[in-house]
Amino acid sequence: MKEVLDASLKQQLLEATAYRQNFSIDVVSDTKLFYVPPGDFIVKEGHPPAYLFYLAQGRAKLYSTQANGRISLIDFFAAPCFIGEIELVDIDHEPRAVQAIEACWCLALPIKQYRSPLLNDVIFLRNLCVALSKKNYRNIISLTQNQSFPLINRLAAFILLTQHCDLYREKHTSVAEYMGVSYRHLLYVIAQFTQDGVLVKQKAGFIITNKGALTALALEMAPDSSFTEL
């Protein structure tokens, strides 16, 4: 992750995301712009973020490492949204890792300087409550879908969410745990995708060779989602 000193691009992202509307105080002058390449971290696990990030472009994933070393996927983020808001509100919260799936652009406010002003900003707190309620609702919908749809639909959506440049490379153990299925069941469906020519196994992961088929399966489960844009 690196800071980018490009006033024109910063202004463009400020306007495109309606960033200012999240606050009642003027924060633009102290807002920094960061570029996060695919695979790099926006927040490192166990390290309190120095900034409240606002994901202006891109997609990222949230995960944690368990005591036994296993990595557990928790959630996925798509622009625009806040990252690090829990650490802003709760200084004792153990930070989880947030990793860029694709190239990300983040607007960022220094937490140390702005924690008190933001926690007394009614507009910001109201917007934060709305954002958190939407995340919670999304998780409820995801849980409902996990209980209602077969793995082939859920895995198709998952592959689309986590792929980058048509390359899917998530660890099978983490995916099976996240989706609540057995490792064997997951491998069976992936084998079905490869047999159908949807995926092709490569050393680096799986190349998506028929994104339309995955999109169609994902839309059966979530017809209002924007899988066609991934």
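Helices (H or I, at least four residues) and strands (E, at least two) are taken here as DSSP runs, numbered from the N terminus. The model is predicted, and for that reason local features need pLDDT of at least 70 and side-chain atom pairs count only at pLDDT 80 or more, while totals for chains, interfaces and linings use all residues. Residues are numbered from 1 along each chain as its sequence is written, and side-chain values use heavy atoms, with hydrogens and water left out.

Within strand E6, which spans residues 71-78, lies Ser72. With a relative accessible area of 9%, Ser72 is buried, a class that means under 20% relative accessible area, as against exposed at over 50% and partly exposed in between (1.4 Å probe, protein chains only). The side chain of Ser72 is joined to that of Gln66 by a polar contact of 3.2 Å, and a polar contact of 3.2 Å also joins the side chains of Ser72 and Glu177. Such a contact is a pair of N or O atoms within 3.5 Å; within protein, one must be able to donate a hydrogen and the other to accept it, and residues adjacent in sequence count only if both atoms are side-chain atoms. When neighbours within four places in sequence are left aside, Ser72 is in contact (heavy atoms within 4.5 Å) with Leu62, Tyr63, Ser64, Gln66 and Glu177.

Aromatic rings were paired if the centres of Phe, Tyr or Trp rings (for Trp, the six-membered ring) lie within 6.5 Å, with planes under 30 degrees apart counted as stacked, over 60 as edge-to-face and the rest as tilted. By this rule there are 16 aromatic pairs. One of them is the stacked pair of Phe23 and Phe124, at 5.6 Å centre to centre and with 5° between the planes. This pair links distant parts of the chain, 101 residues apart, since Phe23 belongs to the loop between helix H1 (7-16) and strand E2 (32-36) and Phe124 to helix H4 (residues 122-148). Phe23 is buried, with a relative accessible area of 6%, and Phe124 is likewise buried, at 0%.

Tyr54 and Phe82 form an edge-to-face pair, at 4.8 Å centre to centre and with 65° between the planes. Here too distant parts of the chain are linked, with Tyr54 in strand E4 (residues 51-57) and Phe82 in strand E7 (residues 81-83), 28 residues apart. Tyr54 is buried at a relative accessible area of 7%, and Phe82 is buried at 5%. Through ring pairs, Tyr19, Phe23, Tyr54, Phe82 and Phe124 are linked into a cluster.
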